[in-house]
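Q: Can you walk me through this one? I'd like to start with charged pairs, then look at packing and pockets.

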Amino acid sequence: MGRRSDHSREELQTLIIDATLALVQEQGAERVTARKIAQAVGYTPGMLYSVFINLQDILLQVNQLGLKTLYTTCASAIQSNPEPDAAIRAMGMAYLSFAEEHTHQFDLMFTRSEAQHDDAASSIQHQIHALFSLIEKQLQLLAPSATQADVSLAARALWSGVHGVAALRSSNQLYLEQPRTDSDIVNLLVNHFLMSWQSALTLSPSSATARFRQ
């Protein structure tokens with residue numbers, strides 16, 4: 001059993017977060033306990049609470065790490081595709097791949113939970129806004145005349161669909177037998193959304209948001 005003096009506070013935080021992430025990926029967040037984390041890092045459960053507020057606080061830190069990884073994955077996919085529509089489709093594929101490869105972590109990242117302190121809540125909110133900004137930038141390139149309100153609304157409407165496909169696929173609820181159906185659905189969703197959105201802007205650039213509300 002390790003002693004607290006063996007590691008600095010920062011080292012302990014990293015050990016605990018890494019061990020928790022591994023447990024989440026292997027077992028799912030609902031099976032992760034403070035005792036299991038403590039066993040994984042070689043300390044007592046009480047030590048965890050000298051570094052973090054509680055188990056929820058540790059899981060929030062794991063979520064922050066997951067969002068950073070997801071952002072890097074999506075940003076890399078966009079950089080490999082210079083055309084905005086292709087970049088958005090590539091981000092959709094990267095999002096699906098992340099959800100497939102890190103199913104339990106993906107589930108935890110988007111499970112509703114109450115942050116225990118403002119710093120964690122603010123950091124997660126910032127990271128989610130950063131993800132949306134990747135899409136917003138590509139939408140703005142597609143439609144330079146679009147207002148920021150139009151772009152923000154479109155990014156969230158589009159990605160609600162992409163996220164829904166990823167979530168349904170991860171829980172085996174698409175109920176279609178064709179291989180790679182999730183990719184086909186995302187491509188169809190992105191293509192039709194972009195066509196409709198750009199058409200609405202062309203017909204009435206100043207009221208695209210209003211047209212989508214009708």
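**Salt bridges, cores and a pocket**

Q: What does Arg89 count as at 23% relative accessibility?
A: Arg89 counts as partly exposed at that 23%. The cut-offs are under 20% relative accessible area for buried, over 50% for exposed and partly exposed in between, with a 1.4 Å probe and protein chains only.

Q: Where do these numbers come from, and what are the ground rules?
A: This is a predicted model, where local features need pLDDT of at least 70 and side-chain atom pairs count only at pLDDT 80 or more, while totals for chains, interfaces and linings use all residues. Residues are numbered from 1 along each chain as its sequence is written, and side-chain values use heavy atoms, with hydrogens and water left out.

Q: Ok, which residue does Arg89 form a salt bridge with?
A: Asp85, with the closest N and O atoms 4.0 Å apart. A salt bridge here needs a side-chain nitrogen of Lys or Arg within 4 Å of a carboxyl oxygen of Asp or Glu. Asp85 counts as partly exposed, at 30% relative accessibility.

Q: How many salt bridges does the structure hold?
A: Four. Another one pairs Glu100 with Arg169, and its closest N and O atoms are 4.0 Å apart. That pair links distant parts of the chain, since Glu100 is in helix α5 and Arg169 in helix α8 (residues 148–170), 69 residues apart.

Q: Are Glu100 and Arg169 buried or exposed?
A: Glu100 is partly exposed at 43%, whereas Arg169 is buried at 15%.

Q: Switching to packing: which residues touch the most other members in the largest nonpolar core?
A: Met91, Tyr95, Ile135, Leu139, Trp159 and Trp197, out of 37 residues. Such a core is a set of buried Ala, Val, Leu, Ile, Met, Phe, Trp, Tyr and Cys residues joined through side-chain atoms within 4.5 Å. The largest share, eight residues, comes from α8.

Q: What is Ile135 in contact with, leaving aside neighbours within four places in sequence?
A: Met91, Ala155, Leu158 and Trp159, with contact meaning heavy atoms within 4.5 Å. Apart from that core lies another of 22 residues, among them Ile16, Leu23, Val24 and Val41.

Q: And which element gives the largest share of the second largest pocket's lining?
A: α7, with five residues. The lining includes Ala75, Asn81, Pro82, Ser133 and Lys137. A pocket is an open set of points on a 1 Å grid over the protein atoms alone where a 1.4 Å probe fits, with protein on both sides within 12 Å along at least five of seven lines, and lining residues have an atom within 4 Å of a point.

Definitions and conventions:
Helices (H or I, at least four residues) and strands (E, at least two) are DSSP runs, numbered from the N terminus.
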